[in-house]
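Me: I would like to learn how to read a structure, one feature at a time. Please give me the general idea, then the case here.

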Amino acid sequence: QEQVGEAGTELDRFGRLGQVLQCCRSHIANRIAPTLAAHTSRRLAQPTDGSYTQDGIDGSDYSLQVYDGVEAHPLDRFSGGEADAFSLALRLSISQLLAERAGTEMGLVVLDEVLGSQDELRQRRVLEGLERMAQSVGQVILVTHIESIKDHLPHVWELVLDDERGTVLREL
């Protein structure tokens, strides 16, 4: 009986602690969400050719809502390529916000296969945005298997598996 009573008391304490932590999480999320949304909104214009320039971030679960000029829509309303472009804008904005909050700047951004679901026009627009970002970030490394992309990049390295020498990195 005594152990059950102690366990019940401890469970109550954990329950109250969980409520306090949830309040704290909500408070922090609601403070960060508007800034994160502002950063992401600026990044949306490039890949969408200005069609979507505003978004909202839900402070409770950080889900992205994209405005089409009339109303907000969740990502599942959009095509896979559009949703991936919006998600890329959000991820880059999170990185930027974290760097700002840490009092530093992003010196390097590495992106792996972020263009695969994009059509050619959106690929070019994303690349243009990344090129502008590289001017302020310093270095952007883009990993891709899309051959046509290399013609649009200033520096290209190709990773080649050589049976005799192992993996070789060569500049094109």
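Me: What span should helix α3 have at 1.5 Å a residue, and how far apart are its end C-alpha atoms?

Reply: Helices here are DSSP runs of H or I with at least four residues, strands are runs of E with at least two, and both are numbered from the N terminus. The expected span of a helix is 1.5 Å times one less than its number of residues. Helix α3 (residues 120-137) has 18 residues and should therefore span 26 Å; its end C-alpha atoms are 25 Å apart, which agrees.

Me: What should I know about the source of these values?

Reply: This is a predicted model, in which local features need pLDDT of at least 70 and side-chain atom pairs count only at pLDDT 80 or more, while totals for chains, interfaces and linings use all residues. Residues are numbered from 1 along each chain as its sequence is written, and side-chain values use heavy atoms, with hydrogens and water left out.

Me: What is found at the start of α3, and what just after α3?

Reply: A polar contact is a pair of N or O atoms within 3.5 Å; within protein, one must be able to donate a hydrogen and the other to accept it, and residues adjacent in sequence count only if both atoms are side-chain atoms. At the start of α3, a side-chain oxygen of D119 comes to within 3.3 Å of the backbone nitrogen of L121. Just after α3, G138 has a positive phi of about 115°.

Me: Which residues of α3 are buried, and what covers them?

Reply: Buried means under 20% relative accessible area, exposed over 50%, and partly exposed in between, with a 1.4 Å probe and protein chains only. An α-helix has 3.6 residues a turn, so residues three or four places apart point the same way. In α3 the buried residues are R122, Q123, R125, V126, L127, G129, L130, M133 and V137. Their cover includes α1, α2, β4 (108-112) and β5 (139-143). E131, also in α3, counts as partly exposed because its relative accessibility is 45%. From E131 to P154 the separation is 23 residues in sequence and 9.2 Å in space, C-alpha to C-alpha.

Me: How does helix α1 compare with its expected length, and where is its kink?

Reply: Helix α1 (residues 2-44) has 43 residues and reaches 60 Å from first C-alpha to last, close to the 63 Å expected. The bend at a residue is the angle between axes fitted to the seven residues ending there and the seven starting there. In α1 a kink of about 30° lies at A33, shortly before the proline P34.

Me: Is T40 buried or exposed, and what is it in contact with?

Reply: Contact means heavy atoms within 4.5 Å. T40 lies in α1 and is buried, since its relative accessible area is 0%. Neighbours within four places in sequence aside, T40 is in contact with D55, L64, A89, L90 and S93. Cover for the buried residues of α1 includes β1 (55-57), β2 (64-67) and α2 (80-101).

Me: How many disulfides does a search of the whole structure find?

Reply: A disulfide is a pair of cysteine sulfur atoms within 2.5 Å. The search finds 0. For C23, the closest cysteine sulfur is in C24 at 8.5 Å, so it is too far for a bond. C23 is exposed, at 58% relative accessible area, and C24 is partly exposed, at 39%.

Me: How many bridges join β6 to β7?

Reply: Two strands pair if DSSP finds at least two bridges between them. Here 6 bridges join β6 (residues 157-162) to β7 (residues 166-171), and the strands run antiparallel. The two form a hairpin with 3 residues between them. E158 has R170 in β7 as its bridge partner. Strand β6 is hardly covered, with 0 buried among its 6 residues.
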